[in-house]
Number of protein chains: 2
Amino acid sequence: MKPLEKKAITKKSENLSEWYTDVILKAELADYAPVKGCMVIRPYGYAMWEAVQKFMDPLIKEKGVENAYFPLFIPEKYLEMEKEHVEGFAPHMAVVTIAGGEKLQERLVVRPTSETIMYDMYKKWTSSWRDLPVRMNQWNNIVRWEKRTYLFLRTSEFLWQEGHCAHMTHEESQETVFWAMEMYRKTYNELMAIYGIVGEKSDSEKFAGGNKTYTFEALMPDGKALQACTSHDLGQNFSKVFDWTVQDKEGKNVHPWQNSWGFSTRSLGGLFLTHGDDQGTVIPPNIAPIQVVIIPIKPESVEYCQGIFADLESENIRVKIDNRDTKSVGWKFNEWELKGVPVRIEIGQKEIESGELTVYRRDKGEKFKMQKSKVKIEVKTVLEEIQKNLFNNHKEFTEKNTFVVDSYDEFKTIMKTTRGFIRAFWCEDKECEAKIKEETKATTRCLPLGAVSEKGKCIYCGKPATHRWLFAQAY
Amino acid sequence: MKPLEKKAITKKSENLSEWYTDVILKAELADYAPVKGCMVIRPYGYAMWEAVQKFMDPLIKEKGVENAYFPLFIPEKYLEMEKEHVEGFAPHMAVVTIAGGEKLQERLVVRPTSETIMYDMYKKWTSSWRDLPVRMNQWNNIVRWEKRTYLFLRTSEFLWQEGHCAHMTHEESQETVFWAMEMYRKTYNELMAIYGIVGEKSDSEKFAGGNKTYTFEALMPDGKALQACTSHDLGQNFSKVFDWTVQDKEGKNVHPWQNSWGFSTRSLGGLFLTHGDDQGTVIPPNIAPIQVVIIPIKPESVEYCQGIFADLESENIRVKIDNRDTKSVGWKFNEWELKGVPVRIEIGQKEIESGELTVYRRDKGEKFKMQKSKVKIEVKTVLEEIQKNLFNNHKEFTEKNTFVVDSYDEFKTIMKTTRGFIRAFWCEDKECEAKIKEETKATTRCLPLGAVSEKGKCIYCGKPATHRWLFAQAY
């Protein structure tokens, strides 16, 4: 809105961080809320979260995981039951101390994650192996108080889905952990056109209260990594502290094996960072709320535009005509480029007479002609090409900025200059990890799945190491 | 789960309130949470909330209202800006006073409704008539602290949608207010098979901060009314206190006209109360997560069942085979009756040999035969009939329990015995309304839309009155 305001944005090539904030605000994806660290997700941005839900929710249900809703508030003592869990989350808690005009006897924490409140109920609902697996998911809001916030990427409140399953065996639980990661990889690759590395977190980077954490790490244009979602093998940690057992087939009491996995609105921050350019965002067609915008060059071409609109809509293409008479054609071009709409069709007298439409491809910034008679098929093809092109670009960028490094000097130089992913041997000692972080700001992002065992020397201390870990500075 | 537990429930005819709680818990619709006044919505119950979203969300979008997300927390001073608004909500606020380990300078209220935080942003985003209307909706969670709670019907946290629109004129705003009510009526009638009366609230019953509130009032089996959703004409109250103006076409600054409208998980409580019987819930087919359950009488009939399953699924009927070998056939019959699945198909040797399936209709408790070859068409017809029958039953019940009353003695007698809706003249004086409430527990539920102007005398004071209002005791 505020239509007369100038929409100039900082160039992406000059200052990524300012460009990002400009784009988020001016493309009306989100805005700062009057509550510190919180944001408003505006309709254009929220539509992309709905697209994530539409893509992922059927995959979750197909797996036999059912949606449910657990309370926003968690009694403080629940969070305190698992020692590592409370240590991890305590600094980020928002606490309700007054309700209904009275001071509460028991303080309530606004959920920073729902393990504890969900598993208390799981315990209540189950007594035998017949009741397992329990597989539930919720789409909800989460609060983790943050001092330094960043639109979408780090906000005190965010939206996500959290899946929580409990199984009779560790094998079954692990299978679910990997299934979730594979679903997330698919969502990033196919919906968001984002490439990334799936792997296992080091002990110091894993989820507070879990045994193992798996992650999808995506490289951003400034060479920093975004931890884009996680899936946790919780072992029997929570079932033990909640004293939750079920009878197995032999009548023995056993603690269920659990996992949890989450994907949040942070992903949208990754999306906007990854694909934009100096003109604004570039939204991959599969997640774009508007895939094609049709702009009548003269008011007389509106009727003709409506024919094209109907053609495209009949193919389930998400299409919009911008026939506002309060804006110039040039203003509209800028606006839809800023908003990253993948394809623009311009229709003026020339196009009507020749039957050849002028088509603009946002990802390449190229204009070309398209026969009106072929618009249904060809627009579809162009959208598919854009989706592929964006993914390939990001994959290529990631590969170009992934360095196999065996010298700590080189490691330091890379982290001081271009940044990027570094594949380096690490002895898996926490102290080396901490020192590297201190000296280079780079952390272990993950041990990539399928990494081969090799003989090597720790990049920091020189002691024997068996795997190349992935290092990067992180968002 | 807990499969061996006895599922006996109180009879609906004997004690509605105990029956209701039994059914909610034992049909696994919801459960009490470990936080006072809060509940867990279990998958079977949550699937019905998803059905509401699936029904209503496209209607909202069709109107041009866009989904968005605003923060959970509202600075206390925002709520205090509108005097009636804060008075209405202050007793129900949950307040965050500590976050990130520190005492907050400014206390944050967990949203009891989002008018204030949304309109502050609307003001920021608009400057001219070109920017209006602003039309947004969010599906979110709400906290209103309650002393006495009741599963689904009154919980300290609930889920809802809240739509908030701002327009240049009062007429446009009113049009939206009525559009929302019509959408709600449609949802109740067509999805939930619930009949009800749409009307305007009296001043003392309207939304805190609004000018006029419209409501859908549904009569429950105990003769009490459920306020099932509301739509508010907010006038210019909020735009004035937020000092929000936009320029009109003549360049004059004007305060936008606003409305808000909400529909919550309370509706599910109404659904379960309305349609159940002594055997448990009866879920109307259009909202039922499982419309048809197929029960193999012998393990050998499972394969045959799968054929029927495929036939029904190909017609987009939501169907399930219960082939658990850990449960008896009788147990399964009880279970699915308790859960209110509209149609049960029983398949044993007899059915396989004759090609005639045994079909049980949950609403009427009747069994009949159906040719296997006709199952696709006939099951569809039966589901449609059940949907209609449930709605007609509720409409008939409501009409039978609506009384036109002109004597206060009769009024009191009805409210002491059968209860129900009473249509009686009221002079529209707050004092009479308060006295009637005090003496009979009945409140004005609404002035039904389209109520004709008549000459009458107030049922309480005898002074002239022009309309018959709808009275009832309320949930």
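A:Ile295 is buried, with 24 other C-beta atoms within 10 Å. The cut-off for a buried residue is 20 or more such atoms, so A:Ile295 qualifies. The model is predicted.

**Around A:Ile295**

A:Ile295 sits in strand E15 (residues 292-296) of chain A. Which residues does A:Ile295 contact, leaving aside its neighbours within four places in sequence? They are A:Asp322, A:Val329, A:Lys332, A:Arg344 and A:Glu346. Take A:Lys332: 37 residues separate it from A:Ile295 in sequence. In space, the two lie 7.9 Å apart, C-alpha to C-alpha.

**Strand E10 of chain A and its partners**

Is E10(A) largely enclosed or largely open? E10(A) is largely enclosed by the rest of the structure, because 7 of its 8 residues are buried. E10(A) pairs with E9(A), antiparallel, through 4 bridges. There A:Val198 stands opposite A:Phe216 of E10(A). E10(A) also pairs with strand E11 (residues 225-235) of chain A, again antiparallel, over 7 bridges. The bridge partner of A:Tyr214 in E11(A) is A:Ser231. E10(A) and E11(A) form a hairpin with 5 residues between the strands. In this hairpin, A:Gly223 takes a positive phi near 80 degrees.

| Strand pair | Sense | Bridges |
|---|---|---|
| E9(A) and E10(A) | antiparallel | 4 bridges |
| E10(A) and E11(A) | antiparallel | 7 bridges |
| E5(A) and E5(B) | antiparallel | 5 bridges |

**The two chains**

Chain B can be laid on chain A by a turn of 180 degrees and a shift of 0.0 Å along the axis, with an RMSD of 0.0 Å. That is the relation of a two-fold axis. Which residue of chain B comes closest to the rotation axis? B:Val96 does, at 2.1 Å (C-alpha).

At the interface, 51 residues of chain B are in contact with 51 residues of chain A. Strand E5 (residues 94-99) of chain B gives the most to the side of chain B that touches chain A, with 6 residues. By class, that side of chain B has 32 nonpolar, 9 polar and 10 charged residues. The copies meet through the same surface, because 100% of the interface residues of chain B are also interface residues in chain A.

E5(A) and E5(B) pair directly, and A:Val95 has B:Ile98 as its bridge partner in E5(B). Not counting residues up to four places away in sequence, B:Val96 touches A:Ala94, A:Val95, A:Val96 and A:Val110 in chain A, among others. Its contacts within chain B include B:Phe73, B:Leu104, B:Arg107, B:Leu108 and B:Val110.

**The nonpolar core**

In soluble globular proteins, nonpolar side chains tend to be buried together. Here the largest nonpolar core has 275 residues. Which of them touch the most other members? They are A:Val96, A:Ala218, B:Val96 and B:Ala218.

Terms used
Residues numbered from 1 in each chain as written. Chains lettered and ligands numbered in written order. Predicted model: local features only at pLDDT ≥ 70, side-chain atom pairs only at ≥ 80, totals over all residues. Contact = placed C-beta atoms within 7 Å. Helix = DSSP H or I, 4+ residues; strand = E, 2+ residues; numbered from the N terminus. Nonpolar A, V, L, I, M, F, W, Y, C, P; charged D, E, K, R; others polar. Pairing = 2+ DSSP bridges. Core = buried A, V, L, I, M, F, W, Y, C linked by C-beta atoms within 7 Å. Buried ≥ 20, exposed ≤ 12 C-beta atoms within 10 Å, placed from the backbone. Least-squares fit on C-alpha atoms with pLDDT ≥ 70 in both.
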